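Here is a short tour of one protein chain, written to be read with the model open beside it. Please have your viewer ready, and follow along residue by residue.

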Amino acid sequence: LGTAVLAVLANKQDIPGCLPPAEVHKALGLHTLKNRTFQIFKTSAATGDGLDEAMDWLSNELQKRV
């Protein structure tokens, strides 16, 4: 999986006090990933916010590899 594209969905962003993307980045240790394409998306499964953007980004990144 060393070359896999990684989309991180930081869910529950509609709830006060949720971890912001920068804290999710830190908590997951994403700073240790070298030469890896990844993006963190603020999402809410309840409202659908951020899901289209995340899937569009992932689709575009995968298309670049074809």
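Is Glu61 buried or exposed? Glu61 counts as buried, because its relative accessibility is 13% and the cut-off for buried is under 20%. Keep in mind as you look that this is a predicted model. Glu61 sits in helix α2, which covers residues 51-64. Leaving aside neighbours within four places in sequence, Glu61 is in contact with Val5 and Thr37.

**The overall picture**

Let us step back to the whole chain. The protein contains 2 helices and 2 strands, and from the N terminus on these elements follow the order β-α-β-α. Taken along the principal axes, the C-alpha atoms fill a box of roughly 40 × 25 × 15 Å. Of the 66 residues, 23% are buried. The exposed surface comes to about 4700 Å², with carbon and sulfur atoms supplying 55% of it.

Charges are next. There are 7 positive and 7 negative side chains, and the centres of these two sets lie 12 Å apart. As for contacts, among those between residues at least 6 apart in sequence, 62% join residues at least 24 apart.

**The nonpolar core**

Which residues make up the largest nonpolar core? This core has 5 residues in all: Val8, Ala10, Val24, Leu30 and Ile40. In soluble globular proteins, nonpolar side chains tend to be buried together.

Now move to the loop between β2 and α2, where Thr43 is found. Thr43 is buried because its relative accessible area is 2%, and the cut-off for buried is under 20%. Not counting residues up to four places away, Thr43 touches Leu9, Ala10, Asn11, Lys12, Gln13, Asp49, Gly50 and Leu51. One polar atom of the Thr43 side chain lies 3.4 Å from the backbone nitrogen of Asn11.

Gln13 is one of the residues touching Thr43. The place of Gln13 is in the loop between β1 (6-10) and α1 (21-27). With residues up to four places away set aside, Gln13 touches Cys18, Leu19, Pro21, Lys42 and Thr43. A polar atom of the Gln13 side chain is also 3.0 Å from the backbone oxygen of Leu19.

Lys42, another residue on the Gln13 list, lies in strand β2. Lys42 counts as exposed at 51% relative accessibility, since the cut-off for exposed is over 50%. Beyond four places in sequence, Lys42 touches Ala10, Gln13, Pro21, Asp49 and Gly50.

**Sequence and space**

| Pair | Apart in sequence | C-alpha to C-alpha distance |
|---|---|---|
| Thr43 and Lys12 | 31 residues | 6.5 Å |
| Ile15 and Ser44 | 29 residues | 8.7 Å |
| Lys42 and Met55 | 13 residues | 12 Å |
| Gly48 and Leu28 | 20 residues | 23 Å |

Two residues in the table deserve a word on their setting. Ile15 is found in the loop between β1 and α1 and is partly exposed, with a relative accessible area of 42%. Gly48 belongs to the loop between β2 and α2 and counts as partly exposed at 31% relative accessibility.

**Backbone angles to look at**

Which residue has a positive phi of about 70 degrees although it is not a glycine? That residue is Lys12. Most residues other than glycine have a negative phi. Lys12 is placed in the loop between β1 and α1, and with a relative accessible area of 48% Lys12 is partly exposed.

Asn35 also has a positive phi, near 55 degrees, and is a residue other than glycine. Asn35 lies in the loop between α1 and β2 (38-42). What is the relative accessibility of Asn35? The value is 83%, so Asn35 counts as exposed.

Key: Residues are numbered from 1 along each chain as its sequence is written. This is a predicted model: local features need pLDDT of at least 70, side-chain atom pairs count only at pLDDT 80 or more; totals for chains, interfaces and linings use all residues. Side-chain values use heavy atoms; hydrogens and water are left out. A nonpolar core is a set of buried Ala, Val, Leu, Ile, Met, Phe, Trp, Tyr and Cys residues joined through side-chain atoms within 4.5 Å. Buried means under 20% relative accessible area, exposed over 50%, partly exposed in between (1.4 Å probe, protein chains only). Helices (H or I, at least four residues) and strands (E, at least two) are DSSP runs, numbered from the N terminus. A polar contact is a pair of N or O atoms within 3.5 Å; within protein, one must be able to donate a hydrogen and the other to accept it, and residues adjacent in sequence count only if both atoms are side-chain atoms. Contact means heavy atoms within 4.5 Å. Accessible areas come from the Shrake-Rupley method with a 1.4 Å probe; for residues, only the protein chains shown count as cover. Lys and Arg count as positive and Asp and Glu as negative; His and the chain ends are not counted. The place of a charge is taken as NZ of Lys, CZ of Arg, CG of Asp or CD of Glu.
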